[in-house]
Amino acid sequence: MSNKLLRPLAVIGNLTFISRILGYIRDVLIATIFGAGISTDAFFIAFKIPNFFRRIFAEGAMSQAFIPVLAESRRNDEKSAAELIRAVSGALSVTVFCIVLFGVLFAPFIAYVFAPGFAATPEKATLTADLLRVMFPYLGLISICALTWGVMNSYNKFATPALCAVLFNVVLISAILFMTDYFERPIMALAVAVPLGGLMQLMFSVWGINRLGFSLWPQFNWNHPGVTKILHLMAPAALAASIVQVNLMIDLAIASFLETGSISWLYYSNRLVEFPLGVFGVALATVLLPNLSTSAAEDDVRKFSSTIDWALRWATMIGLPAAAGLIILSDEMILTLFGYGAITERDILMSSNSLSAYSMGLFAFIMIKIFGPGYYARQDMRTPVKFGLVAIGINLIFNLVLVAPLGHTGLALATAIAANANALMLWHGLRKKNIYIPTEDWLLFVIRIFIAILGMMGFLFYVAPPLSSWMDWSFGARFYHLFSFILGSGCVYFTVLLLVGMRKKHVGQFGV
């Protein structure tokens, strides 16, 4: 297997793994100190809102539109690329300043749009608006960061962007440990830490882009052809990038009408699903887009298809067993990571239920990360939008059907169903246009993986003690057993894969 994609994938995956571990330490501290109540519901909604726009516009539409245009610009010369970067920096700076100003001034209205159910509890609504007003400037800082990350990723410099997430979590953990006593409302310490963490990320990102010889000093040239093209591509790209995020926010909006704690339960469970998604799915997408953009610019159809096939095989081999493991060990994972301090036994049960539901969409979330760049690299932003709008409709229908009998778990299950539908449509679209042509041995490849998953599941059902035993253990005992089961199940999975004939050559090779 070529190291061209595998090596940067390992770099991003390892650094993201560190970031996720720190993120879980952060969330464990939040759960232990604040539990699942009014303050955490308010914080998680307020924290989700700037992150919602970040994932859609900054890391989503901006990156998806910017990287392919930068790839074209680089084919001319580096001077053209430098001019494009400064022109985009100028346009982006003005845009995000206006958005942030709007967000700060109209925080109560925005909070109401995203969590209308909070209006019934004035204390919760007021706290959400106050937290949002403090955190909204983070969107502006992270948007400029996303521009620098797009440049660095285009030059196959993946370490600095991945390290930024580590810095952010270090700042938030420090705030929880050392700043909460200085605020009348302790949760406000976290809100202050969010833009502070964004500032740290921006400083580190500017250092990284300067090392490449580029400047972010804004050039206000809205007529630059690259800026015009990016703006033309961004509208459909924003819609395409918003699909998963809109589905999640619909969940939270409906959950705001449910009992207090529902939003926190969804947050804690979704964080566990985001672990393999962030470590592997996001890493794949980060590496794929610049490489697919280069293949598209060179009109190398064979390389383009083989790159997608390579990524999809890795996603299948890692994503399916990860989803199965999350479902089987959902109770044990929630209990081990969050079952302390202010968290109650019911909080654990409710979070575990939504974790199982979200996990049913994990593989689809990863596939969307793979298939999406297959369209964006070819500057086809409209097709993912059409599929995504259908997925939003599916999510909304299943939300309304499932929320009454299943509560917050129904919302998570609806998101998983919509993600599977979206991934299937994206896959079919690439196949229909012969952009992606699967290799011939896929059926045997999948059969081997399912046999290995069955072996892994049998191991877990055989060795895992009843949940009542976990309740009596200390954190150390819980962590030891959970780590042992995850490691053991992984060993069983890959051993069975080898026994049924899976070899390195079956995973595919990039660029062949």
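Student: What makes Cys98 partly exposed?

Tutor: Cys98 has a relative accessibility of 46%. Buried means under 20% relative accessible area, exposed means over 50%, and partly exposed is in between (1.4 Å probe, protein chains only). At 46%, Cys98 therefore counts as partly exposed. Before we go on: this is a predicted model, where local features need pLDDT of at least 70 and side-chain atom pairs count only at pLDDT 80 or more, while totals for chains, interfaces and linings use all residues. Residues are numbered from 1 along each chain as its sequence is written, and side-chain values use heavy atoms, with hydrogens and water left out.

Student: And what about Cys164, buried or exposed?

Tutor: Buried, because its relative accessible area is 0%.

Student: On to the rings. How many aromatic pairs are there?

Tutor: The structure holds 18. Rings of Phe, Tyr and Trp (its six-membered ring) pair if their centres lie within 6.5 Å; planes under 30 degrees apart are stacked, over 60 edge-to-face, and the rest tilted.

Student: Why is the pair Tyr155 and Phe214 called tilted?

Tutor: Their ring centres are 5.5 Å apart and the planes stand at 55 degrees, so the pair is tilted. Tyr155 is in the loop between helix H6 (137–154) and helix H7 (159–178), and Phe214 is in the loop between helix H8 (188–211) and helix H9 (225–255), so the pair ties together parts 59 residues apart in sequence. Helices here are DSSP runs (H or I, at least four residues), numbered from the N terminus. Both Tyr155 and Phe214 are buried.

Student: What makes H12 and H19 oblique?

Tutor: Helix H12 (residues 330–338) and helix H19 (residues 475–499) pack at about 140 degrees, with axes 9 Å apart. Under 35 degrees is roughly parallel, over 145 roughly antiparallel, 65 to 115 roughly perpendicular, and the rest oblique. H12 and H19 are therefore oblique.

Student: Last one: how do you know that His408 is buried?

Tutor: His408, found in helix H16 (residues 408–432), has a relative accessible area of 4%, so it counts as buried.

Technical notes
Helix = DSSP H or I, 4+ residues; strand = E, 2+ residues; numbered from the N terminus. Axes fitted to C-alpha atoms, helices over the stretch in contact; angles between N-to-C directions.
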